[in-house]
Structure formats: C-alpha cells, structure tokens
Amino acid sequence: MGVRVVATLLSVGVAAATAAATVAAWDAGPDATTGGSGGGRCPTGRAAPSWAPNRCYVACPPRAVRTDPSTCVHTIRWRGNTHLWVANGAVTLLARSTSPAARAAAAALNGTACRDAWESGMWGEDLLGRADNPLDGDRRGTHFFNARGVRYDGRKTSVVTYTYLWKSTDNSALKEMATLVSRLGSLIDPSVETCKTLGAALHYVTDMMPFHSSGYSAFSSPPLLHAVAEYYVPTIQAAHPPVGGWSSTSGPGRGAGVEAAFVAASVESNKLAPALISAFADGDGDDSCTMTPDAPVVYRGYCFLGDPAVDREVGRALALGYDTTATWLAELWRTKAMT
Ligand SMILES: [Zn+2]
C-alpha cells in the first residue's frame, strides 16, 4: 500500500472513522504545582509550548511538537522506499552466499542496466493503475497475501487479502507475482525488459511483510496506522542492515520453487504481525499523536516515534524480509537459470 491508497481513502470515509476514534485526553490544564504559570520552569515531564509560554503541558514525545492543548504532531520526512531497501538487503545476503544460484542472482541484479530497470519496475507497482486500490475490484487486494489463514488479531480467516465493506476478491499478491514471473524472459544475461518485470515481481515479494500478510489494511484499527507506519519505517530502516549470510539449505522456503518461497515469506511474516502492530498501536502510554500523510487525512493514535519496541519489531520484520526475499530470488535463479 502507498500514497495512492491513502489518497483513495479520502473519498471513502476513513477521515470520518479517524475523527470518531477515541483520543486519549492530555492533561492540558494548569500545572498543579505552579498554579498555572509555567514561567519557563516546568517540572520534569512537562513543557511550555511556544504559543503558551506560561503554561505547562505534559511534554510531547521526542520528535513531536505540541500544536494545541490536545495535540502532538509527529515530525518526520515523508519519503523513503522500504521495498528497495529490503531487495537490496536480499541482494547483499545472496552475494555473501556460496550457492551458485544465489551468486548468479546477485550478480544479475547488480548489473547497472538491470538494476535501473528492476528498481523502476518495483517502483511502478505502487503507481496509479497498479497500486492496491480498495475501490477497484481489479486491483483490490493485489498487494496482500495471507498464506497462514490467521489475521493480525489472531482470528482464523479464509480471506487471503483484506476485508473491505464485506467485498471479497480473487486477487492476491501471490497471483500478481506468479503472472509477472510467467512473463520473464531468460535470466541468463537478462534483457532490460525482463529486469523490469523482475522488479515488478519483486515488489510483491517485498510486500510480504507483516501488515500485507495478515490482512492489516489502512481500514484496520487504528485507521491509517498501516499507512503512517510504512512512512515511518524508511526513517529507521538503516539501523537494521542485513547481518550474517544466507543459507541455500536451512530456513523457510528453501528448495521448493518460487511459489513455495513466496508462500513461506507470507507465513513467516504473518507470525510477526501481532507484536509489530501492538508496538505501533498500543505503546506504553496514553499519549496521542497525529500524522497527516495526505492532507487532510489525519492519523491519530499512539506516539510511536522513537519507541524502542517499535524499533525492535521493525528490525525483526526487516531481517525476515531480507532472508525471504533472498530465498525467492535464489529459487527463481535455481529453477529458471541454472539448468
Ligand atoms: Zn505494494
């Protein structure tokens, strides 16, 4: 999911749902110990905002600014691309492997012309017409795939994508990936066209992160957390580089082909969803922050920036993503380029 879907949500009433969400009350009254005058000397845990220098409000979390008595606004840069980051982590792992298929895949993806093409193909899958769009039956669910049959909240489900106004779909990221793989030309000295298609397929492989594998959409509670979390991850992902190597024999999804590798990626990331979402949504306090990924759509919820639990769970999901994406690429080369 990406910017386009957030924009789409504008027109289908998530703004209303967001407004209805309960917001934990801040202690916005005068500080008891000073009788209402902060005077620049607020006690620990309280701070006077620039627009009310004589009052002490509960201090906003790090990197958040109080804009009114009840609102802390997260300040982050809305850019970054976790798809590319995860794919590069996978290529790094493959290049460290002794497996011929792994090394051939890494060499191909690191070729200058091929890299330009696959990065472009990967990016293009989140653009208009290819993005996941809950309002478009042809695209609804296309970036989601739940192979484990368990939702993010622990309930069993037969819905492999996500639930939107009780509409079902035959789409899934698995189908998108399989269709794109069927269009690939030779992977030995791959053409620019094949590299572009490979990048498009890799988009769906790198979508197999916990939200997309557990039906946790932007409609899930709290509304828009899916979107703002995806905006946040690029700002912390560099703290979680790929470590260690990649084994062609041990680990999920090895040795059974491209689709099995994709299914394994979904199953394993699905297991990480509850802890990841809990870290983002529940946190350790009753504070409430807003984010505006696409004005005027506003996310309102737990102030998660800088939360160590969020950082830890994101790190786990990224490490799994490097491994499962590397496995998918190695299986692709093993089955299609090493014969
Ligand atoms: Zn996607």
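A: Let us begin with one term: a residue is called buried if 20 or more other C-beta atoms lie within 10 Å of its own, and exposed if 12 or fewer do. By that count, 46% of the 339 residues of the protein chain are buried. Please keep in mind that this is a predicted model.

Q: Okay, and how many helices and strands are there in the chain?
A: The protein chain has eleven helices and six strands. Looking at contacts between residues at least 6 apart in sequence, 71% of them join residues at least 24 apart.

Q: What about the core, which residues have the most contacts inside the largest nonpolar one?
A: Those are Leu-94 and Ala-105, in a largest nonpolar core that has 85 residues. Helix H11, which covers residues 308–336, gives the most to this core, contributing twelve residues. As a general matter, nonpolar side chains tend to be buried together in soluble globular proteins.

Q: And what does Ala-105 touch?
A: Leaving aside residues up to four places away in sequence, Ala-105 touches Leu-94, together with Leu-329, Ala-330, Leu-332 and Trp-333.

Q: Switching to helix packing: at what angle do H4 and H5 pack?
A: Helix H4 (residues 100–110) and helix H5 (residues 112–124) pack at an angle of about 85°, and their axes are 5 Å apart. Because angles from 65 to 115 degrees count as roughly perpendicular, H4 is roughly perpendicular to H5.

Q: Which residues meet there?
A: From H4 there are Ala-108, Leu-109 and Asn-110, and these meet Cys-114, Arg-115 and Trp-118 in H5. Sorted by class, the contact of H4 with H5 has four nonpolar residues, one polar and one charged.

Q: Staying with H5, which of its residues are buried, and what covers them?
A: The buried residues of H5 are Cys-114, Ala-117, Trp-118, Glu-119, Gly-121 and Met-122, and what covers them includes helix H3 (82–96), H4 and H7. As for its length, H5 has 13 residues and reaches 19 Å from its first C-alpha to its last, which is close to the 18 Å expected at 1.5 Å a residue.

Q: Now H9 and H11, how do those two pack?
A: Helix H9 (residues 258–270) packs with H11 at an angle of about 170°, with the axes 8 Å apart. Since angles over 145 degrees count as roughly antiparallel, H9 is roughly antiparallel to H11. On the H9 side the contact includes Val-258, Phe-262 and Glu-268, while on the H11 side it includes Leu-320, Trp-328 and Glu-331. By class, the contact of H9 with H11 has nine nonpolar, four polar and two charged residues.

Q: Is H8 mostly covered or mostly uncovered?
A: H8 is mostly covered, with nine of its twelve residues buried, among them His-226, Glu-230 and Tyr-231. Helix H8 runs over residues 225–236, and its twelve residues should span 16 Å at 1.5 Å a residue, which agrees with the 16 Å between its end C-alpha atoms.

Q: Last topic: where is Asp-282, and how far is it from Tyr-302?
A: Asp-282 is found in the loop between helix H10 (273–281) and strand E5 (289–294). The C-alpha atoms of Asp-282 and Tyr-302 are separated by 6.3 Å, and these residues are 20 residues apart along the chain. Asp-282 is partly exposed, as it has 13 other C-beta atoms within 10 Å.

Notes:
Residues numbered from 1 in each chain as written. Predicted model: local features only at pLDDT ≥ 70, side-chain atom pairs only at ≥ 80, totals over all residues. Core = buried A, V, L, I, M, F, W, Y, C linked by C-beta atoms within 7 Å. Helix = DSSP H or I, 4+ residues; strand = E, 2+ residues; numbered from the N terminus. Contact = placed C-beta atoms within 7 Å. Axes fitted to C-alpha atoms, helices over the stretch in contact; angles between N-to-C directions. Parallel < 35°, antiparallel > 145°, perpendicular 65-115°, else oblique. Nonpolar A, V, L, I, M, F, W, Y, C, P; charged D, E, K, R; others polar. Expected span 1.5 Å × (residues − 1).
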